[in-house]
Amino acid sequence: MKKLSLRTRVITGTVAVAALGAGTFGAVSASASAPEAAAPAAVEADASNKNLQQSTHLTAAAAQKAAQATLDAAKKENQRVSVAVVDRNGNTVLTVRGDGAGPQSYEAAEKKAFTAVSWNAPTSELTKRLEDAPTLKDIPGTLFLAGGAPVAAKDAPIAGIGVAGAPSGDLDEKFAQAGVAALGK
């Protein structure tokens with residue numbers, strides 16, 4: 001085999017690199033200009049589709065209405081409270097720290113609302129369950145103190161209202177129930 005000169009090897013190498021670069025550029029350009037694949041068809045929301053489930057959610061306006069009714073009920077009794085409204089999944093829709101409510105009341109109201117919707121029961125009832133199952137209180141995000149009330153539609157929980165800040169959980173829950181009642185009007 002004949003040995004190539006240095007000049008021939010450099011030229012051959014340069015041509016090879018240029019060809020490789022051109023091929024890569026062409027492949028990238030071709031893929032960039034290729035039409036996108038069609039997006040998969042959306043699933044139609046019809047009641048007969050067994051893969052879909054309908055659920056009911058409280059609107060933001062309804063959450064505001066419930067919170068205001070709760071604050072009004074507390075104000076009538078000279079109580080300073082915070083109110084939280086959560087959706088069916090326990091996500092906060094609205095939290096209001098009422099005038100003069102303590103700093104701890106904000107988080108406590110959210111946890112009471114979360115607890116009430118999670119078990120679809122007033123939190124005062126849930127505190128009684130702790131006697132038989134004391135580890136329930138260890139579930140993250142829950143607070144087993146009176147003051148949370150579920151909001152239900154067709155016997156299914158759709159929201160929770162939590163109140164904290166009054167001197168007793170019974171008062172907190174009374175005000176939360178006023179918020180639930182306002183939604184029925």
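A salt bridge is a side-chain nitrogen of Lys or Arg within 4 Å of a carboxyl oxygen of Asp or Glu. The legends below describe close-up views of a predicted model.

**Figure 1. Lys137 and Asp138 form a salt bridge.** In this view of the predicted model, the closest N and O atoms of Asp138 and Lys137 are 3.8 Å apart. That distance falls within the 4 Å limit, and the count by this rule comes to four salt bridges. Asp138 has a relative accessibility of 53% and therefore counts as exposed, the limit being over 50%. Side chains of opposite charge can pair when their charged atoms come close.

Figure 2. Glu107 is partly exposed, with a relative accessibility of 48%. Lys111 also counts as partly exposed, its relative accessible area being 29%.

Figure 3. Buried means under 20% relative accessible area. Lys112, at 3%, is therefore buried, and Asp172 is likewise buried at 3% relative accessibility.

**Figure 4. Ser105 is a buried residue of helix α3.** This helix covers residues 105-119. The relative accessibility of Ser105 is 1%, so the residue counts as buried. Its side chain is joined to that of Ser82 by a polar contact of 2.8 Å. When neighbours within four places in sequence are left aside, Ser105 is in contact with Ser82, Ala164 and Gly165.

**Figure 5. Four strands form an open sheet.** The strands follow the order β2-β1-β4-β3, and their pairing is antiparallel. Strands β2 (92-97) and β3 (148-153) stand at the edges with a single partner strand each, so one side of each has no neighbour in the sheet. From one strand to the next, the twist averages 15°. Strands of a sheet pair through backbone hydrogen bonds, either parallel or antiparallel.

**Figure 6. Strand β3 pairs with strand β4, and helix α2 packs on the sheet.** Strand β4 comprises residues 156-164, and six bridges join this strand to β3 in an antiparallel arrangement. One of the residue pairings links Ala152 to its bridge partner in β4, Pro157. Helix α2 (residues 60-76) touches β1, β2 and β4. The direction of helix α2 makes about 30° with that of β2.

**Figure 7. Confidence is lowest in helix α1 and highest in strand β1.** Helix α1 (residues 6-33) has a mean pLDDT of 51, whereas strand β1 (residues 82-87) reaches 98. Over residues 24-32 the pLDDT is below 50, and this stretch has zero contacts in the model beyond near neighbours in sequence. For the protein chain the average pLDDT is 84, and 75% of the residues score at least 70. Where pLDDT is low, the predicted coordinates should not be read in detail.

How values were computed:
Residues are numbered from 1 along each chain as its sequence is written. This is a predicted model: local features need pLDDT of at least 70, side-chain atom pairs count only at pLDDT 80 or more; totals for chains, interfaces and linings use all residues. Side-chain values use heavy atoms; hydrogens and water are left out. Helices (H or I, at least four residues) and strands (E, at least two) are DSSP runs, numbered from the N terminus. Buried means under 20% relative accessible area, exposed over 50%, partly exposed in between (1.4 Å probe, protein chains only). A polar contact is a pair of N or O atoms within 3.5 Å; within protein, one must be able to donate a hydrogen and the other to accept it, and residues adjacent in sequence count only if both atoms are side-chain atoms. Contact means heavy atoms within 4.5 Å. pLDDT is the predictor's confidence in each residue, from 0 to 100. Two strands pair if DSSP finds at least two bridges between them. Axes are lines fitted to C-alpha atoms, for helices over the stretch in contact, and angles run from 0 to 180 degrees between N-to-C directions.
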